[in-house]
There are 2 protein chains.
Amino acid sequence: MSAKKAIVLLSGGVDSATTLAIAKAEGFDCYAISFAYGQRHAVELSCAQRVAMAMKVSEHYVINIDLTLFGHSALTDYELAVPKNRPDLEKHTQIPITYVPARNTIFLSYALAYAEQIAAAHIFIGVNALDYSGYPDCRPEYIAAFEAMANLATKAAVQGSAVTIHAPLINLTKAQIICTGVKLGLDYSVTHSCYDPLPNGTACGACDSCQLRKKGFAEAGVPDPTLYGARRT
Amino acid sequence: MSAKKAIVLLSGGVDSATTLAIAKAEGFDCYAISFAYGQRHAVELSCAQRVAMAMKVSEHYVINIDLTLFGHSALTDYELAVPKNRPDLEKHTQIPITYVPARNTIFLSYALAYAEQIAAAHIFIGVNALDYSGYPDCRPEYIAAFEAMANLATKAAVQGSAVTIHAPLINLTKAQIICTGVKLGLDYSVTHSCYDPLPNGTACGACDSCQLRKKGFAEAGVPDPTLYGARRT
């Protein structure tokens, strides 16, 4: 019997690379999908390609979509600064300016179309509700609601092929995620986390995403392979 | 008090034009969104623009997205023929080959991002569960599930601004839709329905969408302003 097909959302960061490693370890035949959406850290896409190749996915689409139209996010609008050195990230309650409106909903919708095209009944997404940035579309109740909607949306669903949205990291800390990836042989040096990389592609070390990454590697007791550069001011 | 903002999905066909007319009549400040998704009837987009101008929307985005990647639809794949002269459309039970995987989910996801950007709490979509083509993403239960998901997906939702998905045509026949539009002063000559238009842009008269349109105008007792051409064979 051939392996079950799965679509894996792949950004090129720690979480999605680990999610892909988990899906592979669970025996899925993986098809990756990434998005060039106007993000200022588009360098993550070359990391996504390297991760996809290293993990031997069966196919990898990089979809061009323009989310800068519906902006108000520091990730897509160069006039908004990416917050740096915010203290106590785990205690914040406000959704930060790096939130991109409806981003995961758009990404998962494309994944759903892709799943239907190749008759895949599984979609993997690396959202995480613990060491995350407070985005609403990373919460378990959101993922459950998307799955319920997806199972009414498609021809495949009507014909009895339910789709399952897997979020294997949802209750893990960043350190636990990194330990999981290391156990699965994942090389994190090909991943990228920084929201606001330097012109040479190295990480700023100060944005929320860099902070979460650094803290995760430190707590996991794993050397962080990231090149952190210093921005000239 | 200023009018409430609404996003209206606008294809350029009878249903979405009528939906826009209803939203306007209900006093909404309307923002239209259309999609160039690789459809073979891209002529509908110039109709969408004419409808948007005629209805004096506040803004109209035409978003370029490529759904041909996730094909298997006669609307986006020129190697698949658009079915013609299918009898008894209202009795069919199979989802036709013109179904585009996850199309309404992708469209509504963009509308959700747009709504969040402009702080609109309303999205209008012209889906219809009676005189329609049997698409799963046109059913009331699908719309309700999308709304439930949307209200967990966004920063706006978390902050207490619920979004409502309006589907005012969902229980109307095509004839009732046309009568509604006529009462609201809508000029259907600027709309386009045909899935497989002739090179000169006129309608084939034989695809499911043309058949539903013809039947609707006939049952409504309203002259059909459509130019139906004959394809050279």
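Leaving aside neighbours within four places in sequence, which residues is B:Ile123 in contact with? They are B:Ala6, B:Ile7, B:Leu108, B:Ala111, B:Leu112, B:Ala115, B:Val163, B:Ile165 and B:His166, where contact means C-beta atoms, placed from the backbone, within 7 Å.

This is a predicted model, in which local features need pLDDT of at least 70, side-chain atom pairs count only at pLDDT 80 or more, and totals for chains, interfaces and linings use all residues. Residues are numbered from 1 along each chain as its sequence is written, and chains are lettered from A and ligands numbered from 1 in the order in which they are written.

In chain B, five strands form an open sheet in the order S3-S2-S1-S4-S5, with parallel pairing (strands are DSSP runs of E, at least two residues, and helices runs of H or I, at least four, numbered from the N terminus; two strands pair if DSSP finds at least two bridges between them). Its edge strands are S3 (59–64) and S5 (164–166) of chain B. Strands S1 (residues 5–9) and S4 (residues 122–124) of chain B pair over three bridges, and B:Val8 stands opposite B:Phe124 in S4(B).

Turning to the contact between the chains, chain A gives 35 residues and chain B gives 35 residues. H3(A) gives the most to the side of chain A that touches chain B, with nine residues. Of the interface residues of chain A, 100% are also interface residues in chain B, so the copies meet through the same surface.

Technical notes: Contact = placed C-beta atoms within 7 Å.
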